[in-house]
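Keep the structure open as you read.

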Amino acid sequence: MLPQRREIASVVVCEDDAPTLELLCDNLVADRFGVLPAPSAADALRLCRFKHPDLLLLDLVLPDASGLDVLREIREADGIVSRFDPRLPVIVLSGRGTDEDRIRGLEFGADDYVTKPYPYAELRARIAAVLRRTEQRRGGPLRVGEIVVDPVRRRTWVDGREVKLSRKEFALLHVLAGDPHRVFSKRELLGEVWGFRTPTKTRTLDSHASRLRRKLDPERARFVVNCWGVGYRLLEG
């Protein structure tokens, strides 16, 4: 039996230079990070909104927008309607190394500012330091009635009973719990949880929703309500 891979944290890597992005992602994967490559500002925002990463590595010079605009979008989010976590740890990676650039990045809300070129070992140490500092300050568990969702530790309880969920089941629950009475369309959930950008004929969502419903409430199936022909919501009414 092969050993299971245990990821330290999930990281969105926003870098428009393809060789640099590939090398950085390869190193992070080797150090047991889950990586989500983002070659543009739009990709970074989409991943941060839908994938709920633990950290964002953010270049400032991007093909479609400034990295500072990405940082401002995240920091000004309310954490509810916008679906961004405004407390997401962000490390800026930039070739701009003047004092003014560093101060500007920190004033916009960066947790750290690393100037290119940098030794990967130093970046890895800075990532570890930022994750340690932010672990306690990030939002605590989300409570929806009897359900408690802890996004930091990726753990779930129902009426005090811990429920073991797969990564995708937890991601689906996290999205639904963010607005428990709202009906999320199937297309929206496939985009948010699985990253599908175009309509796709698949039973993946339905099978995950069914398993999640059974795990949360095996006897009464009160949660993950199927709104036929539309999508799902966490709670009735």
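This is a predicted model. Start at helix 3, residues 67-75. Five of its residues, G67, L68, V70, L71 and I74, are buried. Viewed down the axis of helix 3, the buried residues fall within an arc of 155°, so they line one face of the helix. What covers them? The cover includes two helices, helix 2 (41-50) and helix 4 (99-107). Strand 3 (55-59) and strand 4 (90-94) are also part of the cover. The N-terminal end of helix 3 is capped by S66. There, a side-chain oxygen of S66 lies 3.1 Å from the backbone nitrogen of L68.

Now turn to helix packing. Two packed helices are described by the angle between their axes and the distance between those axes. Take helix 6 (residues 167-177) and helix 8 (residues 204-216). Their axes come within 10 Å and cross at roughly 85°. Angles of 65 to 115 degrees count as roughly perpendicular, so helix 6 is roughly perpendicular to helix 8. On the helix 6 side, the contact is made by K168, E169, L172 and L173. Helix 8 contributes L205, H208, A209, R211, L212, K215 and L216. By class, this contact has six nonpolar, one polar and four charged residues.

Helix 8 has another partner, helix 7 (residues 186-194). The angle between helix 7 and helix 8 is about 80°, and their axes are 10 Å apart. Helix 7 is therefore roughly perpendicular to helix 8. From helix 7, K186, L189, L190 and W194 meet T204, L205, D206 and H208 of helix 8. The contact of helix 7 with helix 8 has four nonpolar, two polar and two charged residues.

The peptide bond from K116 to P117 is cis, with omega near -10°. P117 lies in the loop between strand 5 (112-115) and helix 5 (120-135).

Next, look at phi. D159 is not a glycine, yet its phi is positive, near 55°. D159 is in the loop between strand 8 (155-158) and strand 9 (161-163). Is D159 buried or exposed? Its relative accessibility is 63%, so D159 counts as exposed.

A221 also has a positive phi, about 50°, although it is not a glycine. The loop holding A221 runs between helix 8 and strand 11 (225-227). A221 has 40% relative accessibility, so it counts as partly exposed.

Definitions and conventions. Residues numbered from 1 in each chain as written. Predicted model: local features only at pLDDT ≥ 70, side-chain atom pairs only at ≥ 80, totals over all residues. Heavy atoms only, no water. Axes fitted to C-alpha atoms, helices over the stretch in contact; angles between N-to-C directions. Helix = DSSP H or I, 4+ residues; strand = E, 2+ residues; numbered from the N terminus. Parallel < 35°, antiparallel > 145°, perpendicular 65-115°, else oblique. Contact = heavy atoms within 4.5 Å. Nonpolar A, V, L, I, M, F, W, Y, C, P; charged D, E, K, R; others polar. Buried < 20%, exposed > 50% of the residue type's maximum accessible area, 1.4 Å probe, protein only. Arc of directions from axis to C-beta. Polar contact = N/O pair within 3.5 Å; in protein donor to acceptor, adjacent residues only side chain to side chain.
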